[in-house]
2 protein chains.
Amino acid sequence: MNTQKRIIFFISDSTGITVEKWGHSLLSQFPDIDFQIISLRYVDSLEKIAKTRKQIEVAAKNSGMPPLVFSTLIELPLRAALKTEVAVFLDMFENFLDLLEESLQQKATHVRGSTHRITGQGTYMVRMDAVNFALRNDDGLRTQDYAQAEVILLGVSRSGKTPVCLYLAMQYGIFAANYPLVGEDLQFSLLPALLQGFRQKLFALTIEPQRLQKIRSQRHSGRHYAQIGQCRQEVAQAEELFAVNHLPVLDTSSVSVEEIATQILMQMQLKYVTP
Amino acid sequence: MNTQKRIIFFISDSTGITVEKWGHSLLSQFPDIDFQIISLRYVDSLEKIAKTRKQIEVAAKNSGMPPLVFSTLIELPLRAALKTEVAVFLDMFENFLDLLEESLQQKATHVRGSTHRITGQGTYMVRMDAVNFALRNDDGLRTQDYAQAEVILLGVSRSGKTPVCLYLAMQYGIFAANYPLVGEDLQFSLLPALLQGFRQKLFALTIEPQRLQKIRSQRHSGRHYAQIGQCRQEVAQAEELFAVNHLPVLDTSSVSVEEIATQILMQMQLKYVTP
């Protein structure tokens with residue numbers, strides 16, 4: 001078995017966010033190969049390109065294998081100056097811009113880095129306002145803003161509500177609040193009075209008791225709160241409440257924040273902005 | 001001038017996060033064209049493909065122009081079933097998988113949706129732990145965890161620290177704390193005693209007083225805190241403190257959270273994970 005890692009370069013003239021998403025997505029198709037990823041951001045001058053090219057050449061020589069270079073450089077002179085025969089180049093723009101220019105009957109600007117700039121000031125501000133909203137409305141801290149919320153997540157403590165609210169805010173500008181189910185709400189399977197007026201905004205998260213117990217134990221092991229019996233009881237009561245009130249429910253046990261957030265976007269048909 | 005919007009489909013068999021990043025990045029090269037974007041997620045069965053194909057055909061007919069279809073579908077039967085001659089297809093995998101297979105001398109798995117799953121459990125948990133860390137260590141709420149922090153952001157109130165900490169946590173699994181400069185810290189340009197032991201972790205954010213005033217006014221207009229004189233004074237004092245202590249500084253006035261976060265990653269040479 002070949003134990004040497006294959007060297008990958010992600011090269012961007014800006015934040016590198018797009019090239020990393022794109023590159024990881026393609027590389028995830030080869031799970032058996034060990035990659036060593038070198039991510040270079042803000043490579044935005046001929047001087048930096050020369051340095052980067054040198055780095056690629058050294059990597060090729062030392063590893064004895066051509067590195068794979070994923071690039072989202074947009075300026076043609078930079079792209080041309082990076083090319084070296086010792087590496088395999090995957091160029092995101094080169095492969096698609098021609099097709100787009102032809103189909104849209106317009107030339108690409110070839111101006112760099114507009115993806116993650118504060119271009120659409122409005123859009124960016126919505127996202128930041130949404131982050132602040134999520135922080136203010138975390139864990140039932142206050143409920144007077146629920147009228148402004150686009151979605152209110154409901155679930156037992158540590159079922160994953162907070163990171164999902166923050167992700168919905170940061171990535172999509174969604175105003176998301178969350179309400180933790182505790183005590184009497186759970187005991188009587190009653191929808192808390194505070195939430196009665198917002199039924200159409202409610203989305204419930206549930207979780208396997210074993211998984212919940214593991215999460216709770218990480219910070220509060222030993223406490224009653226983190227015991228499996230308590231977790232089982234709370235989850236059962238919460239699920240009863242969700243069923244009685246016909247709420248949409250998602251099990252977060254083996255699902256990532258990204259998957260939960262996009263499922264909520266879709267199921268609740270939320271209008272969103274994109275970064 | 002053509003006022004009709006060009007219709008774009010983003011089609012994914014999973015969260016749609018990759019296709020949106022990739023698609024927006026390419027479309028941002030044509031800023032003068034108005035796009036109407038239809039993002040379809042979890043298109044993961046032949047039944048859903050048939051429905052989607054119909055939707056594309058209707059859009060083509062109604063708009064009189066071929067829609068552009070950005071796709072990150074990985075399964076070949078799904079891809080084949082989506083193809084229709086009335087649209088222009090941009091296929092992220094088709095264009096690069098052959099080259100990758102040849103270069104890596106291995107076949108792609110063609111298994112879908114592994115990018116945003118909880119595959120690398122370790123990696124995912126690091127990110128979630130980092131989010132909880134950022135929430136616990138927001139705005140100087142507690143300082144006993146600073147030894148665990150990888151970076152501590154320093155700046156006046158509302159200079160953008162919190163969203164950056166959350167972004168660093170969510171996207172890169174970085175343990176980021178933040179400390180707001182107020183009162184005496186500012187008056188004497190003294191590095192707060194609590195931070196003395198962590199100099200090498202400090203990263204300072206500054207902001208133009210006009211921008212700060214605008215942000216503070218959104219929620220607290222009328223207050224002393226939001227007056228331009230106060231903003232000017234605080235920023236001047238903070239910048240004095242940063243200079244005296246030779247801290248790395250970034251002006252956040254016209255820079256997005258994504259740009260701030262990636263600049264910090266780079267300048268502080270932080271090790272990070274990726275989603």
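Two residues count as in contact here if their C-beta atoms, placed from the backbone, lie within 7 Å. The model is predicted.

**Sheet and the helices across it**

Chain A holds an open sheet of 4 strands. The order is β2-β1-β3-β4, with parallel pairing. Its edge strands are β2 (35–40) and β4 (88–91) of chain A. Each of these pairs on one side only. From one strand to the next, the twist averages 20°.

One pairing can be followed down to residues. Strand β1 of chain A spans residues 6–11 and pairs with β2(A) in the parallel sense, over 6 bridges. Within this part of the sheet, A:Ile7 stands opposite A:Gln36 in β2(A).

Helices from both chains lie across these strands. Helix α4 of chain B, residues 92–104, lies across β1, β3 and β4 of chain A. Helix α2 of chain A, residues 46–63, lies across β1, β2 and β3 (68–71) of chain A. The table sets out their angles.

| Helix | Strands of chain A it lies across | Angle |
|---|---|---|
| α2 (46–63), chain A | β1, β2, β3 | about 170° to β1(A) |
| α4 (92–104), chain B | β1, β3, β4 | about 160° to β4(A) |

**How the two chains are related**

Chain B can be laid on chain A with an RMSD of 0.0 Å. Which residue of chain B comes closest to the rotation axis? B:Trp22 does, with its C-alpha at 3.4 Å.

**A helix pair in chain A**

Two packed helices are described by the angle between their axes and the distance between the axes. In chain A, helix α8 covers residues 209–220 and helix α9 covers residues 228–244. Their axes come within 9 Å and cross at roughly 125°. That angle makes α8(A) oblique to α9(A). The crossing of α8(A) and α9(A) is right-handed.

Which residues make the contact? From α8(A) come A:Pro209, A:Leu212, A:Gln213 and A:Arg216. From α9(A) come A:Ile228, A:Cys231, A:Arg232 and A:Val235. The residues of this contact divide into 5 nonpolar, 1 polar and 2 charged.

Note on methods
Residues numbered from 1 in each chain as written. Chains lettered and ligands numbered in written order. Predicted model: local features only at pLDDT ≥ 70, side-chain atom pairs only at ≥ 80, totals over all residues. Pairing = 2+ DSSP bridges. Helix = DSSP H or I, 4+ residues; strand = E, 2+ residues; numbered from the N terminus. Axes fitted to C-alpha atoms, helices over the stretch in contact; angles between N-to-C directions. Least-squares fit on C-alpha atoms with pLDDT ≥ 70 in both. Parallel < 35°, antiparallel > 145°, perpendicular 65-115°, else oblique. Left-handed = near helix turned anticlockwise from the far one by under 90°. Nonpolar A, V, L, I, M, F, W, Y, C, P; charged D, E, K, R; others polar.
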